[in-house]
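Let's work through some exercises together, one step at a time. Keep the sequence and the 3D view open as you go.

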Amino acid sequence: MPDGEGHDGRGAGPVRIRDVSGSLTRQAIVIAAVTLMVDCLSFSFNAGSFSYPVGWRWAMLTAIVVVDAGLASAPRLSGVVAVAQAAVTVGGAWMAVTVGGAALHAGPNPLPLLNNAGLLISAYRAGAWLNQWPAVVSLVCLATGTVARQTLGGAHVEPGRILVTAMADAVLPWLVGRYTTARRAYIAELEQRSEREQREARQALSAAIAEERSSIARDLHDVISHHVSAIGVHAGVARLRATAVPDGQDLTKSLIAVETSSRAAMLDLRRLLDILHGDPPEEDSQPGLDNIPELLDAVRAAGLRARVTVHGVPSRLPESLDIAVYRVVQEMLTNALRHGAGGVAEVELRYDPASLTVTASNPLAAETRVRPDSPHRGLQGIRSRVTMFKGRTSYGPAPDSRTWITTVTFPLDPS
């Protein structure tokens, strides 16, 4: 479709279509109004050359108003409007000769074209909006009307002048309309091709990501899950044998902790593998803050005394944030178990109206005090989780260099 007159070809939805339709209607009304004004002024200037009766003068002016107002009609009526414009052109010439008293004399183009602007615009609309035979029929009518107007004035009009006028008043604007239609269709095709290529690129990227995730899942399963499963099996066998050994109670507790941790690790690993494979996780499959007591039992069984205190009024957290906070607490206690000097690990959850702050503190091991700024993957993992929720992370030794403190703050929606 021509610029400013056709659909945009981008499939932007009903709202976009309504906007374009309203804009086209307003533009069509403006074009019709300007055309009507030009033709009316042209009629006023040229009518004085002929002795029209008053009634015929008003009849002719009314016809011009009606056909020019038709330029604001729906595009599907472009052919009807073009035929009407051609009829007014012929009618105006006939009235000038028979009623207005125009003298038959030689010379090019003796009769004025009273609806010239309307004829040009209707030819453009016919070429732009109509397809195949309706467009051709409209062009023939317009060209015939232009030729008939000239030949009604007398037999001495030059054939070359007739051809040039028909080309200028009918064929040329019709061709411009066809060109703008083809141009807009070409642009729409390019836009659709670009969108199709982008869509195919996104699909190819998604397929590549899915394949890579499946590859990672297979590697995790082959490299990690077998070893963790073996740890759990051997820990279970050792626990059964340790029960028969005198004074093996402490050993049994340690093996129970190893067995429990390996089973928990396998559960988490299976959840991650399901996610990497694209399988939706089962409901309540991810642990949250409600599972903190089980986490404390696990680290206590591993030999770390841990205590969690809550300040403020706990609020219902979104599921993703609830899981993230649990994982942060889990990583804090794991770091205290691995790198701490024993003692008591304190975890504090502080609920404020706009944030949730999690603080963990534990005695610092002697070897860690030497390089307190050395990076740890656990701390990097905590920072990454908190950053996903636009939170803040700080960690390091306390001023006495005997206690390690990790603090994270998650912003909460005030609503």
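## Exercise 1: A patch on the surface

Leucine 41 is found in helix H1, which covers residues 14–47. (Helices are DSSP runs of H or I with at least four residues, strands are runs of E with at least two, and both are numbered from the N terminus.) Before we start, note that this is a predicted model, where local features need pLDDT of at least 70, side-chain atom pairs count only at pLDDT 80 or more, and totals for chains, interfaces and linings use all residues. Residues are numbered from 1 along each chain as its sequence is written, and side-chain values use heavy atoms, with hydrogens and water left out.

**Task.** Is Leucine 41 buried, partly exposed or exposed, and which residues form a nonpolar patch on the surface?

**Solution.** 
- Step 1: Recall the cut-offs: buried means under 20% relative accessible area, exposed means over 50%, and partly exposed lies in between (1.4 Å probe, protein chains only).
- Step 2: Leucine 41 has a relative accessible area of 44%, so it is partly exposed.
- Step 3: The patch is formed by Val30, Val34, Met37, Val38, Leu41 and Phe45, and together they have about 580 Å² of accessible area. Such patches take residues with over 30% relative accessible area and no salt bridge, joining like charges within 9 Å and nonpolar side chains (Val, Leu, Ile, Met, Phe, Trp, Tyr) within 5 Å. The areas come from the Shrake-Rupley method with a 1.4 Å probe, and for residues only the protein chains shown count as cover.

## Exercise 2: Reading the sheet

**Task.** What is the order of the strands in the open sheet, and which strands stand at the edges?

**Solution.** 
- Step 1: The five strands follow the order E1-E2-E3-E5-E4, with mixed pairing. (Two strands pair if DSSP finds at least two bridges between them.)
- Step 2: E1 (305–311) and E4 (392–397) are at the edges; each has a single partner strand, so one side of each has no neighbour in the sheet.
- Step 3: Look at E2 (residues 344–351) and E3 (residues 355–363): they run antiparallel and are joined by six bridges. Leucine 349 has valine 358 in E3 as its bridge partner.
- Step 4: E4 and E5 also run antiparallel, joined by six bridges. Here glycine 396 stands opposite isoleucine 405 in E5.

## Exercise 3: Salt bridges

**Solution.** 
- Step 1: Side chains of opposite charge can pair when their charged atoms come close. The cut-off for a salt bridge is a side-chain nitrogen of Lys or Arg within 4 Å of a carboxyl oxygen of Asp or Glu.
- Step 2: The structure holds four of them.
- Step 3: One joins arginine 193 to glutamate 189 at 3.4 Å, N to O. Both residues lie in helix H6 (residues 159–242), four residues apart, which is about one turn of the helix.
- Step 4: Another joins arginine 300 to aspartate 297, with the closest N and O atoms 3.9 Å apart. This pair lies in helix H8 (residues 292–301), three residues apart.
- Step 5: Glutamate 346 and arginine 307 also meet in a salt bridge, at 1.9 Å, N to O. This pair links distant parts of the chain, with glutamate 346 in strand E2 and arginine 307 in strand E1, 39 residues apart.
- Step 6: Glutamate 346 is partly exposed at 22% relative accessible area, and arginine 307 is partly exposed at 42%.

## Exercise 4: The largest nonpolar core

**Task.** Which residues touch the most other members of the largest nonpolar core, and which element gives the most to this core?

**Solution.** 
- Step 1: A nonpolar core is a set of buried Ala, Val, Leu, Ile, Met, Phe, Trp, Tyr and Cys residues joined through side-chain atoms within 4.5 Å.
- Step 2: The largest core has 31 residues, of which Val325, Val329, Leu333, Val358 and Val408 touch the most other members.
- Step 3: Elements giving two or more residues to this core include helix H9 (319–339), helix H11 (377–388) and strand E5 (403–411).
- Step 4: H9 gives the most to this core, with eight residues.

## Exercise 5: Positive phi

**Task.** Where does lysine 390 lie, and is lysine 390 buried or exposed?

**Solution.** 
- Step 1: Most residues other than glycine have a negative phi.
- Step 2: Lysine 390 is not a glycine, yet has a positive phi of about 60°.
- Step 3: Lysine 390 lies in the loop between H11 and E4, and its relative accessible area of 75% makes it exposed.
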